[in-house]
Every structure is written in structure tokens, then in C-alpha cells.
Amino acid sequence: MASPSFQAPKGTRDILPPQSTRQRALIDLFADVVERASYGAVSTPMFEDIGVFLRLGEATDVVTKEMYDFVAKDGNHIALRPELTASVVRAFVQHRPATPWKVWYEGPQFRYERPQAGRYRQFTQVGIEALGTSDPELDVEVISLAADFYKRLGLEQVTLLLNSLGDATCRPGYLQALEGYFRDNIAELSEQSALTLDINPLRVLDSKRDQDQPLIDGAPLMVEFLTPELAEHFDQVCKGLEQLGIAYTLSPRLVRGLDYYTLTTFEFAADALDTAQNAIGGGGRYDGLAESLGGPDTPGIGFALGVDRILLACDAEDTFPAPSISPEVFVVDVSGAHVSLELTHMLREAGFTADRAWDNRSMKAQMKVSDRSEAAFAIIIGEDELAADSVTVRDLRGDSGQRLLKRTELISYLQTQLR
RNA sequence: GUGGCCGUAGCUCAGUUAGGUAGAGCUCCGCGUUGUGGUCGCGGUUGUCGCGGGUUCAAAUCCCGUCGGUCACCCCA
């Protein structure tokens, strides 16, 4: 075989059955979880005016380094969406639906990064956004829906990390203190973190370099700077989670990569994943985002969960297998009279899942294929059956053998066996 | 963007150390007599050894480049 002239672009992949079936089942399950809580599906374009995403913050790599952007034929500067919160908030601002506005989404997103396990240039996320109220109980609802979803997938080794990032009234004071602290100890900071410090002191807290750890451990904490109202909000969130029995770990150094986050911030880590990419979901409040996109000052909160990584975590915990799409019945036709063509059609119309063999192969070969299909029954038509207007139904999984039926009896017989 | 490792049949991989023009298991196909799968036995198909260039009488094997994968940093889902 000649080597293929083309392959999927770097960092992208083809998702074939049964993985594709599994991914769809995951999205169906997610829809079930969030639609029970009255989140409606929202679908936005895969590309936007780049300005929509520039609001995510100039200190974020997602915006400055990782965007797939291009100038379209009309001269407009376009970008493939690197995440969905900005698009959804843009849609909110454009249509101004009544609040609270609760929506969910799923779909591909694009970031130009070096691929790694669990990190792709095109990846799929599911998520929800809720705009229009700053009630801390909404924070609890949002977090609990993610937790419920993981639970229903069968994931057990998931840790919820929780923090509050404050807001425009108190964060500047904290940033000042943080930057001052790092500057006083700059000699102990890694070279790269020193550069990060110039751009966004918060992000230094995220460094994984060993050299930085002692300094980070001693850094001032945002929680110490929260205004009384924000501290109260955070406290309510914690209490609400406890009320629902949702375990969390206070993580005062948790910061997120997108600059728009305020107050409640959280991340879900899959402990079963033995990689650096073990964050399988994250989110938080973004109370200033709607305004920065030209809308009214509207509080909002949401999360995004990485489908690809969640499935890796499911593999690691050996849960949520791909659902079977095996047919219930498999038609084997050696009559030479094209009976399988109409028989599979009839079976499908009657509500059964049915498949068949091709190419007029020998009975032995067709039986082999029928076994491989994992069908429960083989329906066999040979010359004898053709002449008698009947079919042989063979039980492939149990021990009930096979029986000869009139063709008119087939459907009702299968109904007794399969329904 | 930086660095390490890797790239051989559809799949998993051996062969690369000491250069001599490819192998295993699984899958797939056929056969084991007259119309019957799953086990077993026998036989068979499939590779420009990721791609391009170089060294050599000779390269899967050595060198360079490139593409892709992977891991860490970075970033994040």
C-alpha cells in the first residue's frame, strides 16, 4: 500500500466507531443532566470576529499565541473559537434573552498548540453558562451539575478544586501585594516565571517548576483580600456544596488561564490520569464579561468540560464503555433470490435493528460475519426456505437452537424473543 | 515556542547495538465434501520499513532534513 498522501492535520484526529458512538453517548448523557435543570441548548458559529475573543484578556496565551485567525475575503479579521464562553456571552448580548438565561453547548474548539496526550488543536467541550444572577446558589447549582455528570459517567477519582478570585474592587490590591512579594524574592524565582510576573502576577501561582514552589507556597492569598461581601458570597458557595454533599478542596492558589474569571473559580482534576493534562473541567464566574462585549452589566457563571480528556479518564477508571450498535438480527441469504434485500428492510420497518451479508458469499462465510456482528439471531434463507416461503431463525447467543418459521410469522416471533 | 523519546503489514510489535534488499502474533480470506458462526487444524493475501536527501558495492539499520506521534516545560479542557 502506498503511504497516504494526506493525513489529519497535526493535533487533530479522526474519531471512528466505536469511539464516535461513545462520544455521542457522552454528549447525550450531558444533555440529560443539564436539561433536567432547565438549561437549553445553544449553538453558536465556530468562528467569530476576532474582537470577541480579544476580550478574554491580553495576558492569556489562548488569545495571544494560540488563536487560529485569518482575514476573510471581505477583510474582516476572523478567528476559530478557542473556547465557547465568549461566543455564548456575545450571543446573549446580541439577543438579550430574559434572565436568568441558562444554556448548554457542545462542540469543537480550536487552539494552535503543541499536541500532547489530552491536548489537541481541535478538541470538544461540553459546558453550560448561566447569566443574569449573582445568587451564590447558582454557583452551587452549576458546580453540582458538573459533579453529577462525572458521577453518572461512573468517574470516582475526581477532585473539585475551589477558589475565589475576587473582583475589580479587591483584586488590584491583591495583585499589588502578590507582585510585591515576588519582586522582593525575584532571585529565587525561575527565569520564565520572572517573565510571567511582568505580564500577569496571578499566573506565576500556576507555575509547575520545582524551583518556584517554595516561593509560591509562601505567597499571599486572594482569600485574605476579599471584601466582606465577596467573602460572604464564597462562604455561601462552600456551605451550599456541603449541603449537597459535594466534596471540594479549597485551593487558594488556583488561578485560571482566561482573564475574565471573577469570584468563584473551580477546576475538576481527574486523579486517575497520570499526565500533566489532568484537568477535565473548569469554570467560574465572569461578572464583567457581558459588559466588556458591549452588553449590560450582567453577572454570569459557567463551566467547560473537556470531552476528550473525560474519555481518557473513563478509560483510566474503566468506566463508560462505548454503547453497542450491534444489530439484533442478521440476515444470511444463500437463496440467490435477493431475499435479504427486502427482509432487512422489512425487519427495520418493524423496529428491529438488522444487518446482512454482502457479495453472495458462502453460507459459512455469511454465518461468520453474522457471528461477528454480535447479533442475537441469524435469519437464514436458502433454497428450501425460499420454496416454502419460510425462514430459519437461529439463536446465536443462547442455546435454543434454530427453528423454521413461515415468513409471515417472523416478526411476531422476534417480538416474543427480543421485546 | 523549548527539550527528550519514537515512527517496520489493517492492529500490537521483533529486527536497528556490530549495514548484506523483511518477520511474529492477532485480524482478514479460503479449505476441513453435500446449506450453519463461535473452538481447533491446514493454507493464503497485504509492506516503495513515515517521507526526502546523503554515505556505501550494499541502508529498515549510519548521517542530515522534514512530516507525524508521544512525554515534560508552557498552556489548558
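A: Let's start with D359, which counts as exposed at 70% relative accessibility (exposed is over 50% relative accessible area, buried is under 20%, and partly exposed is in between, using a 1.4 Å probe and protein chains only). This is a predicted model, where local features need pLDDT of at least 70, side-chain atom pairs count only at pLDDT 80 or more, and totals for chains, interfaces and linings use all residues. Residues are numbered from 1 along each chain as its sequence is written, chains are lettered from A and ligands numbered from 1 in the order in which they are written, and side-chain values use heavy atoms, with hydrogens and water left out.

D359 sits in the loop between β13 (354–356) and α14 (363–372); helices here are DSSP runs of H or I with at least four residues, strands are runs of E with at least two, and both are numbered from the N terminus. Its phi is near 70°, a positive value in a residue other than glycine. N360 is in the loop between β13 and α14 too, and it has a positive phi of about 50° although it isn't a glycine. N360 is also exposed, with a relative accessible area of 64%.

Why flag these? Most residues other than glycine have a negative phi, and most peptide bonds are trans.

On the peptide-bond side, the bond from T99 to P100 is cis, with omega near -5°, and P100 lies in the loop between α4 (85–95) and β5 (101–110). The bond from P17 to P18 is cis as well, with omega near 5°, and P18 falls in the segment before α1 (19–35).
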